[in-house]
Amino acid sequence: MYKIFLYFFIVTFMYSQTISFEEVLSDTLNNNSDLKNSKLDIDISSLNIDEVNALNYGKLNFESQVNRTNHAGYVFNSKLSSREATFKDFGFAQMGEPMNTQPTDLNYPEARTNINNKLTYDIALFTGFKISTQKDIKKLEKKIHTLKLIMNKRELSFEVFKAYNGAVVAKEYIKALNEAIKTVNNIVKSSSIFYKEGLITSIDVKQAKAYKFELLANLANAKKRFNFAISYLRFLSSNNNITDVNNIKDIKLKLYDKNELLQQALSKKDSIKASTLYKDIMKKNVDVAKADYYPTLYSHLEYGYNDNRYNFSNDKDYYNAVIGLKYTLFDNTREIKVQKNKINYLKAKINHEKQINYIKMQIDNSIDDLNTKIAILSAKISSFNLAKKIFEQANKMYKNHLISMTDLLKQKSDFEVAQAELLNAKYQRYVAEAKVAKIINLDFLDLKD
């Protein structure tokens with residue numbers, strides 16, 4: 001049996017992975033499903049550009065059509081198309097009859113098979129600049145999809161940062177709770193000795209044991225939070241071997257001045273760039289609508305063979321070359337389309353300004369939030385150090401029977417609370433700084449501790 005346990009232990013050990021922030025972020029950027037879909041959107045955008053380009057080369061078709069009919073018009077046309085029509089087909093056999101005679105050969109022909117094989121080539125020669133404008137729009141759309149991929153990477157990096165540091169903080173809290181449990185075990189032991197010596201009552205021993213159970217409950221909750229964070233990291237990175245995390249990932253920004261951060265955000269923020277591109281697309285759509293006011297020029301070329309059988313001889317071939325011009329003299333829907341696209345362009349300009357104001361608000365709030373979190377962290381550090389000293393002093397006083405077990409455990413509880421709040425304050429400060437980094441478009445892989 002022990003070999004089986006040994007086997008599972010070795011397998012578990014082989015596939016478990018303690019990961020750093022850089023490693024889990026790299027896995028996420030390489031494996032995340034949303035990013036893969038974003039890359040495919042860029043591929044589709046490239047094909048959309050190729051599709052519009054292809055319109056400049058026209059369309060070449062081969063068509064083979066076989067039909068059999070006794071329809072007088074079709075039969076006559078097929079004979080004429082095959083250069084087989086005779087005077088008899090016109091009804092000349094009944095020329096001696098009155099003028100109101102309906103020629104039998106013309107109106108009641110025998111059923112005929114017609115086979116038409118042809119090549120056709122159609123191309124738009126001038127579309128009022130509609131194709132070239134559409135090509136510009138597709139290029140702008142590709143740039144937007146590229147920016148969306150970068151934005152998704154940035155958002156995922158922030159999510160990984162929060163989950164990773166959340167796991168590290170939970171791990172540190174678990175470690176602190178285990179230390180606390182050891183301390184409380186010593187208190188339980190010492191209180192048991194005091195009780196046996198008749199120095200304290202049994203209530204003190206029971207209070208110490210009850211407090212230990214409270215710490216065990218806190219430990220279970222901390223392990224649950226750690227497991228949740230690890231599970232989220234596995235989901236983001238598609239790496240199911242992650243079982244533990246390394247040290248905390250901290251970042252240090254070089255800028256804290258709001259105006260400098262705002263200028264950096266406005267010049268680098270991908271959402272601003274995307275908003276500008278979207279505005280350009282709306283302007284191009286106005287040009288596309290105006291293209292309907294121009295005449296269009298097109299060409300149709302056709303070469304084929306027509307007979308009642310498959311026949312590719314020269315006397316059965318034909319050609320047809322067409323150049324067409326189309327100009328719409330009146331269509332009131334054109335102006336409506338132009339006006340609608342102008343309104344959409346105006347909306348895009350308004351949304352662009354709104355996006356800039358939103359960035360300004362984000363910078364203001366994130367810097368204020370970061371400064372608040374820094375101040376809270378400083379206060380929590382002082383509070384923790386003070387709580388630690390108070391507990392150490394209370395522990396000595398309890399051993400000298402100067403305070404009760406209730407007072408000792410209260411100080412111990414205050415110390416544990418201060419420790420948990422300190423860890424949370426550290427985590428909140430890390431996240432607040434990372435949020436500023438995300439707003440000003442910094443790459444998380446390039447940020448140093």
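## A residue after a helix

Just after helix H11, Asn-441 takes a positive phi of about 70 degrees. Helices here are DSSP runs of H or I with at least four residues, strands are E runs of at least two, and both are numbered from the N terminus. H11 itself covers residues 405–439, and its 35 residues should span 51 Å at 1.5 Å a residue; the end C-alpha atoms are 51 Å apart, so the two agree. (The expected span is 1.5 Å times one less than the number of residues.)

## What you're looking at

This is a predicted model, where local features need pLDDT of at least 70 and side-chain atom pairs count only at pLDDT 80 or more, while totals for chains, interfaces and linings use all residues. Residues are numbered from 1 along each chain as its sequence is written, and side-chain values use heavy atoms, leaving out hydrogens and water.

## The sheet

Four strands make an open sheet in the order E2-E3-E5-E6, with antiparallel pairing. Strands E2 (59–69) and E6 (317–326) sit at the edges, each pairing on one side only. To count as paired, two strands need at least two DSSP bridges between them. E2 and E3 (residues 112–126) run antiparallel and are joined by 11 bridges. Take Arg-68: its bridge partner in E3 is Thr-113.

## The whole chain

The chain has 11 helices and six strands. Its radius of gyration is 41 Å, well over the 22 Å from the globule rule for 449 residues, so the chain is more spread out than a compact globule. (The radius is taken over C-alpha atoms, and the rule is 2.2 Å times the number of residues to the power 0.38.) Along the principal axes, the C-alpha atoms fill a box of roughly 150 × 65 × 35 Å.
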